Amino acid sequence: MPCVFISAVAMSSTCPGLYCGRMMVNGSAEGESVLGERTNLQKICERCTESPELYDWLYLGFMAMLPLVLHWFFIEWYSGKKSSSALLQHVTAMLECSVSAVITLLVTEPVGTLGIRSCRVQMLSDWYTMLYNPSPDYVNTLHCTQEAVYPLYTIILIYYKIACGLGKSDRFKSIYAALYFFPILTVLQAVGGGLLYYAFPYIILVLSLVTLAVYMSASEIQSFKSLVTKKKRLVVLFSHWLLHAYGIVSISRLDRLEQDLPLLALVPGPTLFYIATAKFTEPSRILSEGGSGH
């Protein structure tokens, strides 16, 4: 929603509301601005010309990974023991999401490049500017707000639309499942995009830890030997380690490399802790010790 020009009566001094503004035309404040602009303190719309920060790219990466992770989950869910079929679907899903991401960047300003220009996120309300349309006379609402976090809000919706279009197929049930989870992801971004922006590093860490523990428990992995006997287990392990590292980098933002980089040494910690303590939580051992009175 771009900044819009409001009537002269309503804008005699400054635009009402937190996110309303007007465009400078020939030295005077008038006219209607376009998407990709944000109001400054003087209520004048300024073009977004900054590059996204590292945290912004990490957020975009997180939102882009969600469809891929869901694709892989449903592939494993439906494929069963058909390893050759599952591998093909895994590769196809990665290609679809990668191509969708590249196309999304190319169609976003500046068009034709893999870079984007953006407005800085300053506070949570920046994500929900439509809730801040003012009512100067307490009767009529002026719809004059804009996407203050351009393009972090709309670019995800564009990506989901392109990815959903590329993934149409009825050959595999796992791919067909995308027709269900893409609308859910779209609603999630539209409603909770701002909350996800601030919470995604912690979501990554918690979910990756929980899913790794569940997988190792279901696979009955209790030693390093049982962990390295199958290539699939190593792939799952390294994938979770990458997610751990992604979450740590997102939280620290690498503001101070000398202090933040050593935190990556914590990545294998949960796996080592699980293997070291798994033998003490073996149900059969607990039952036998309980039965013997120890």
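Predicted model: local features only at pLDDT ≥ 70, side-chain atom pairs only at ≥ 80, totals over all residues.
Helix H5 has a kink of about 85°, centred on Gly192. H5 covers residues 178-218, 41 residues in total. Its end C-alpha atoms are only 26 Å apart. A straight helix would reach 60 Å at 1.5 Å a residue. The span of H5 falls short of that. Just after H5 comes Glu220, with a positive phi of about 55°.

Now step back to the whole chain. The protein chain contains 10 helices and 4 strands. Read along the sequence, the pattern is β-β-β-β-α-α-α-α-α-α-α-α-α-α. The chain has 294 residues, and 39% of them count as buried.

Next, the cysteines. The structure holds 1 disulfide. Cys48 and Cys119 form this bond, with an S to S distance of 1.5 Å. The pair links distant parts of the chain, 71 residues apart. Cys48 sits in the loop between strand E4 (45-47) and helix H1 (54-79). Cys119 sits in the loop between helix H2 (83-107) and helix H3 (154-166). Both Cys48 and Cys119 are buried.

Cys97 has a relative accessible area of 7%. Buried means under 20%, so Cys97 counts as buried. Cys164 has a relative accessible area of 22%.

A nonpolar patch of about 590 Å² is made by Val99, Val102, Ile103, Leu106, Val107, Leu114, Ile158 and Leu166. H2 and H3 are the elements that give two or more residues to this patch. H2 gives the most, with 5 residues. One of the patch residues is Val99, which lies in helix H2. Its relative accessible area is 39%. Patch residues need over 30%, so Val99 passes that cut-off while counting as partly exposed.

The patch includes Val99, Val102, Ile103, Leu106 and Val107, and helix H2 spans residues 83-107.

Definitions and conventions: Residues numbered from 1 in each chain as written. Heavy atoms only, no water. Disulfide = S-S within 2.5 Å. Buried < 20%, exposed > 50% of the residue type's maximum accessible area, 1.4 Å probe, protein only. Expected span 1.5 Å × (residues − 1). Bend = angle between axes of the 7 residues up to and from the residue. Patch = residues over 30% accessible without salt bridge, like charges linked within 9 Å, V, L, I, M, F, W, Y side chains within 5 Å. Areas by Shrake-Rupley, 256 points an atom, 1.4 Å probe, with all protein chains shown as cover. Salt bridge = Lys/Arg side-chain N within 4 Å of Asp/Glu carboxyl O.
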